[in-house]
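Q: Can you walk me through this one? I'm new to it.

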Amino acid sequence: MFQEIRNNLASSVPILRIYIDYRKAYDIVWHKSLIVKLARIQMSLEMLKLIMNWVKNRQACVTFGNRESNFFQIELGLTQGSALSSLIFIIYYGDIVAFTGVSSIHIFADDLSVLIVPPIEKSLKKMMDFISKKGLQICNNPFKYLKE
């Protein structure tokens, strides 16, 4: 990421870097959607079964004082602090690269970083217009992506 920025600045090409931090990102991974996405990327059946068993049949209850609710199924979220959760999250949201239409994107845990580089033009204004337009598009797309 650093080298990409450095190369473009050395060439006097304007760039735009956008950082997105998903709040409570692990809590919004829908288990059924996760399994569909993993199947679409043709994950091996053995690995798919392992992950399915890892996320299925999770239950919770609410305790308040000395009272406790009935157990209920949890169909959203990944275990906090698990190394597998980070890997699954990256796979789950990895298709955001195609959705946003940019060529340089970096995902680490639940953080997303997008680098927008314009096509090289003689006119600085055209390059600035490109990154401005693309930046607005990118800022709106992750929200559209999460709704789908």
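**Helix H4 and beyond**

A: Start with Ser82, which caps the N-terminal end of H4. One of its side-chain oxygens lies 3.2 Å from the backbone nitrogen of Leu84. This is a predicted model: local features need pLDDT of at least 70, side-chain atom pairs count only at pLDDT 80 or more, and totals for chains, interfaces and linings use all residues. Residues are numbered from 1 along each chain as its sequence is written, and side-chain values use heavy atoms, with hydrogens and water left out.

Q: Which residues of helix H4 are buried?

A: In H4, residues 83-93, they are Ser85, Ile88, Phe89, Tyr92 and Tyr93. Buried means under 20% relative accessible area, exposed over 50%, partly exposed in between (1.4 Å probe, protein chains only).

Q: Where do they sit around the axis?

A: On the same side of H4, because they cover an arc of only 115°. The arc is that of the directions from the helix axis to the C-beta atoms.

Q: New topic. How many salt bridges does the structure hold?

A: One. A salt bridge is a side-chain nitrogen of Lys or Arg within 4 Å of a carboxyl oxygen of Asp or Glu. Here Lys125 and Asp129 meet at 3.0 Å, N to O.

Q: How far apart are Lys125 and Asp129 in helix H6?

A: Four residues, so about one helical turn separates them. H6 covers residues 124-147.

Q: Are they exposed or partly exposed?

A: Lys125 counts as exposed, at 56% relative accessibility. Asp129 counts as partly exposed, at 40%.

Q: And Ile41, where is that found?

A: In the loop between helix H2 (31-40) and helix H3 (45-55). Ile41 counts as exposed because its relative accessibility is 52%.

Definitions and conventions. Helix = DSSP H or I, 4+ residues; strand = E, 2+ residues; numbered from the N terminus. Polar contact = N/O pair within 3.5 Å; in protein donor to acceptor, adjacent residues only side chain to side chain.
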